[in-house]
Amino acid sequence: MRKIVAAIVVSVILVSCSTTDSGPAVKFKDGEQAVPAGYKSWPKFLMNVQRGDAKQVRDIYVNPIGARAQKGQAFANGTIMVMENYAAKPGADGKLIKGELLRVFVMGKGDGWGDSAPQGLKNGDWVYAAYLADGLTKAPEPAVTCRACHLPLTKVDYVHRYDEYFATRDGGVFTRPAGGGY
């Protein structure tokens with residue numbers, strides 16, 4: 001009887017450990033992480049990001065693991081962000097109006113994921129993937145372009161608009177500094 005009880009206890013412990021939120025067990029490299037199904041139901045990181053320089057509007061989603069991050073801390077392993085890039089034209093008020101979806105980008109973080117990054121372009125444990133509007137066809141943009149753009153952001157875990165996200169998420173107002181791109 002003791003062996004049966006011990007086996008049940010061990011089974012319960014193993015099952016509970018396997019369902020913890022420690023992030024995915026798969027180790028992705030750049031270009032391997034697919035667009036997650038149902039990402040539009042995730043918390044919104046930032047929406048209607050105006051990129052006049054690129055004539056684009058961007059919507060960014062973060063999975064529940066990433067949404068639990070606190071200002072001043074790195075995002076946890078298992079964080080995934082999805083960014084939709086839309087073509088845009090200026091409206092009568094000067095703000096860009098979303099047009100057709102151009103690309104879908106995925107940025108994911110996991111233990112050791114960034115290890116295969118080209119020398120000098122490691123962004124912590126983040127990896128990147130780019131897709132055409134269908135979310136299935138790989139886009140021609142190489143991941144090194146993403147890496148180079150995120151590389152200067154070491155103080156904010158390589159995440160663009162980190163300060164803006166936390167300020168607006170927590171009910172504050174964010175004022176973008178003059179010349180602030182992305």
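Let me start with one word: buried means under 20% relative accessible area. Take Tyr-61 as the test case. Its relative accessible area is 6%, so Tyr-61 is buried. Keep that cut-off in mind. One caution before we go on: this is a predicted model.

Now the overview. The chain has four helices and five strands. Read from the N terminus, the order of elements is α-β-β-α-β-β-β-α-α. There are 182 residues, and 40% of them count as buried. Next, contacts. Take those with a separation of 6 or more: 56% of them are between residues 24 or more positions apart.

What is the order of its strands? The order is 1-2-3-4-5, in an open sheet with antiparallel pairing. Strand 1, residues 44–51, is one edge, and strand 5, residues 126–132, is the other. Each of these edge strands pairs on one side only. Ignoring direction, neighbouring strands of the sheet are turned by 20° against each other on average.

Look at one pairing in detail. Strand 3 covers residues 80–90, and strand 4 covers residues 96–109. They run antiparallel, and ten bridges join them. Find Met-81 on your screens. Its bridge partner in strand 4 is Met-107.

Next, the helices on the sheet. Helix 3, residues 143–150, packs on the sheet and touches strand 4 and strand 5. The direction of helix 3 makes about 130° with that of strand 5. Which residues of helix 3 are buried? They are Ala-143, Cys-146, Arg-147 and His-150. Those residues cover an arc of only 100° around the axis, so they sit on the same side of helix 3. The buried residues of helix 3 pack against strand 4 and strand 5.

Helix 4 sits elsewhere. Its residues, 162–169, lie across strand 1 and strand 2. Helix 4 runs at about 120° to strand 1.

Last topic: aromatic rings. In general, a pair of aromatic rings is described by the distance of the centres and the angle of the planes. The whole structure holds nine aromatic pairs. One of them is Tyr-39 with Tyr-61, an edge-to-face pair. The centres are 5.3 Å apart, with 75° between the planes. Tyr-39 has a relative accessible area of 10%, so Tyr-39 is buried.

A second pair is Phe-75 with Trp-126, also edge-to-face. Here the values are 6.3 Å centre to centre and 70° between the planes. Phe-75 lies in the loop between helix 2 and strand 3, and Trp-126 lies in strand 5, so the pair ties together parts that are 51 residues apart in sequence. Buried or exposed? Phe-75 has 2% relative accessibility, so Phe-75 counts as buried. Trp-126 has 0%, so Trp-126 counts as buried.

Finally, zoom out from that pair. Phe-75 and Trp-126 belong to one aromatic cluster with Phe-45, Tyr-162, Tyr-165 and Phe-166.

Technical notes
Residues numbered from 1 in each chain as written. Predicted model: local features only at pLDDT ≥ 70, side-chain atom pairs only at ≥ 80, totals over all residues. Heavy atoms only, no water. Pairing = 2+ DSSP bridges. Helix = DSSP H or I, 4+ residues; strand = E, 2+ residues; numbered from the N terminus. Axes fitted to C-alpha atoms, helices over the stretch in contact; angles between N-to-C directions. Contact = heavy atoms within 4.5 Å. Buried < 20%, exposed > 50% of the residue type's maximum accessible area, 1.4 Å probe, protein only. Arc of directions from axis to C-beta. Phe/Tyr/Trp six-rings, centres within 6.5 Å; stacked < 30°, edge-to-face > 60°.
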